[in-house]
Amino acid sequence: MQELDPTILNKANSWLQGNYDAETKARIQKLIDTNATTELTDSFYRDLEFGTGGLRGIMGPGSNRINKYTIGSATQGLANFLKKTYPNEKVSVAIAHDSRNNSDIFANITADVFSANGIHVYFFSALRPTPELSYAVRKLGCKSGVMLTASHNPKEYNGYKAYGADGGQFVSPHDTAVMDEVAAISSIDDVKFNRIPGNVELIGEEIDKEYLDKITALSVSPEAIKRQKNLSIVFSPIHGTGITLVPPALKRFGFENVTVVEEQATPDGNFPTVIYPNPEEKEALTLALKKAAEIDADLVLATDPDADRVGIAVKNTDNEFILLNGNQTGSLLINYLLTAWEEKGKLDGNQYIVKTIVTTNIIEEIAKAKKVKFYNTLTGFKYIGELMTKFEGKQTFIGGGEESYGYLIGELVRDKDAVVSSAFIAEMTAYYKDKGSSLFEAMIDMYVEYGFYKEKLISITKKGKTGAEEIKAMMETFRTNPPATLGGSKVITVKDYERQIETDLTSNTTTPIALPVSDVLQFVTVDGSIISARPSGTEPKIKFYCSVNGKLASKEAYKQTDAALDAKINGIIKDLGV
C-alpha cells in the first residue's frame, strides 16, 4: 500500500471538515478509503493556480480541480478586485459558457457569487462562443467578463477565462492584482454563494444580431462572394458553440452552400465523435473530411468547443483534401487581407498587423512588402488584445493571430475569434476561386513570392506533480546548456524571454528584450531556422516550435522543396532530443 504524503492527507481532511457539500466530501472520503494515492495527490498537492488567463483543470473534488469551490473562490477574488479597482462606480460583468459538461452549472455559480457581491451580471441565456463574450464586455460597458470553457482540452477538463474592461484577458498590472485577490481567499467561508436575483440580467439574441451585423460590415470582397455564392463549404462545430454563430455569419456574408456535419452539430460536452475536440488534430476533422469528399466541397471549416479557434482543410493540386496548420492559415489570411485592402486603396500607412513570437515569420515579410506596420508579441492572444487597446483610435488593426489556430480580423473583440475568422477564410477562398485559383495554389504563390516557410509543433505531455517538475528541469537544461547546432546549422542567437536577454553567440554580446517576462527560449541558427521552447500555461505540456525556411524557385518545385524543409525539421527534432 503506497503511503500518502501527510500534507496531502491534511489538505484532504480540511475539506472533509470544512463547509463543503456532502457529495464532495463523500468523493474525497472514497479516495482516502481506496488508497487512491496518485489521484489524491494530484487533487490536493496545490491550489489550482489562477493564472493570467484564469483557471483550467480536470473537474472533480479538491483544491487542484475545477469544481464549485475553486470556481467560487476565483469569482470572489475577482469580485474583490473589481470592487477595489472601481470603488465609486456601478460595476457590471458579462458571463457566458460553452458546451462542456458542467459549464452551465459553473456559469451559474459564477453569477451567484458576483450578484451576491452587489455586482450586476449580464448572463447569456444559453451557450455562446468566447469571442461574443469579449464583444459583450465592450458593448455593455462591463468592467470584466468570465467565459466558462476549457477551449479544446479533453472532456475531463473545464475552465474559467477572465476578461478586463477592454474585452481582453487581464494583462499587467491587473493580472497580478487579480491573482493576488484570488490567492487571498483563505477559506471557502469567504465566498458569497447566495445569488441576488435582481442583479442578474439575461442577454442573448440582441447581442448576436449586433455582433453578426458588425462582422458582416468588415467584408472586403463582397463582389467576389456574390459571384462565388455557391462555394461549397463543410462546417463542423465539433459539438461546441460554433453552431450558434458560424453558419449565420457565413449566410450573412452571402454563402448559400454550407453543409453542417450533422453528427457533430449538437452541443455535447462528452464530444462523442472525437478523441479530442481540437481542430488542430486531424482525427477531429474525420467526419468533416468524409462529408467534404462526398460532396466535392471547396473548403472545410471546424471550430473548437468555445469557437475561438478554427481549423481548415483544402484541396491540393492532386485534388486531395489536406489540413492546413495554423501558420499556413494565418499567413494566408494576412496575405489576403493586405492584398484586398491594397486593391481597394485602403492602405494609407496607418494600419498594422500583429503576430506572436512563435508564429511564422512569413507574416513579417508580407507586411514589410506591403509597407504595413507589424508587431510581435509574446504567446497568448491577451498580448495582441493589449496592443489593440493601446492603439485604439490611433492606428487601424487589420488582423493578426497565432500559430495555435487563433486569428482575429477587425477591432470588434480582444480575443481570437473563430466566427469572424471562418467568415473571412470563406471570403478568401471565394476571392481566389473568383480569380481561377484555389487556396492551396494561393499558398504556393505566396511561398514563391515571400519564401517557403514551414513550421512544426512538437508537444510533449507531462501530467501531474512529477510532470510539472520534469518540464521545469527540461527548460533549465536548455537554459544553462543551449544546443550548439540544430538541424546541422550553428546556433548563433539565444533569446531568453524569462531573463529578457538576447545573446549573440558569435560576438558574445547581449541586448535586452523589450517584452514582458515569459518562460520562453528561442534558438536562431545560421540558416534562419528558429526553434522555440515553451511550457504551456494552460496544459501539462512543453511545446517546441520549429520554423525553417528556404527559397521556392517555382510552383513546380513545391513538393521537392517541401520535402527538403521536412528533412531539415526532422534533423532539428533529432538534435533537440525530444
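Helix α6 (residues 130-139) and helix α8 (residues 205-216) cross at roughly 100 degrees, and their axes come within 11 Å. The two helices are therefore roughly perpendicular to each other, a label that covers angles of 65 to 115 degrees, with under 35 counting as roughly parallel, over 145 as roughly antiparallel and the rest as oblique. Please keep in mind that this is a predicted model, in which local features need pLDDT of at least 70 and side-chain atom pairs count only at pLDDT 80 or more, while totals for chains, interfaces and linings use all residues. Residues are numbered from 1 along each chain as its sequence is written, and side-chain values use heavy atoms, with hydrogens and water left out.

**Helix packing**

- Axes are lines fitted to C-alpha atoms, for helices over the stretch in contact, and the angles run from 0 to 180 degrees between N-to-C directions; helices (H or I, at least four residues) and strands (E, at least two) are DSSP runs numbered from the N terminus.
- On the α6 side, the contact (heavy atoms within 4.5 Å) involves Pro 131, Glu 132, Tyr 135, Ala 136 and Lys 139, and α8 brings Ile 207, Asp 208, Glu 210, Tyr 211 and Lys 214.
- This contact of α6 with α8 has five nonpolar, no polar and five charged residues, where Ala, Val, Leu, Ile, Met, Phe, Trp, Tyr, Cys and Pro count as nonpolar, Asp, Glu, Lys and Arg as charged, and the others, Gly among them, as polar.
- Helix α1 (residues 6-17) packs against helix α3 (residues 37-44) at an angle of about 70 degrees, with the axes 9 Å apart, and that makes α1 roughly perpendicular to α3.
- Here Ile 8, Lys 11, Ala 12 and Trp 15 of α1 meet Leu 40, Thr 41 and Phe 44 of α3, a set of five nonpolar, one polar and one charged residue.

- On a 1 Å grid over the protein atoms alone, a cavity is a set of points where a 1.4 Å probe fits but cannot get out, and a pocket is an open set with protein on both sides within 12 Å along at least five of seven lines; lining residues have an atom within 4 Å of a point.
- Grid points are joined across faces, edges and corners, and a volume is the space filled by probe spheres set on the points.
- One cavity of 30 Å³ or more turns up in the whole structure, and the largest cavity holds about 70 Å³.
- Of its 15 lining residues, Gly 330, Ile 334, Gly 400, Gly 401 and Tyr 407 are the closest to the centre.
- Helix α12 gives the largest share of that lining, five residues.
- The second largest pocket holds about 520 Å³, and 23 residues line it, with Asp 47, Ser 63, Ser 73, Val 182 and Ile 185 closest to its centre.
- Elements giving two or more residues to this pocket lining are α1, α4 (68-85) and α7 (174-183).

**Aromatic pairs**

- There are 21 aromatic pairs in the structure, meaning rings of Phe, Tyr and Trp (its six-membered ring) with centres within 6.5 Å; planes under 30 degrees apart count as stacked, over 60 as edge-to-face and the rest as tilted.
- Tyr 375 and Phe 391 make a tilted pair, 5.0 Å centre to centre with 40 degrees between the planes.

**Backbone details**

- Ser 172 and Pro 173 are joined by a cis peptide bond, with omega about 0 degrees, and Pro 173 sits in the loop between β5 (157-163) and α7.
- Ala 307, in the loop between β9 (299-303) and β10 (310-315), has a positive phi of about 55 degrees although it is not a glycine.
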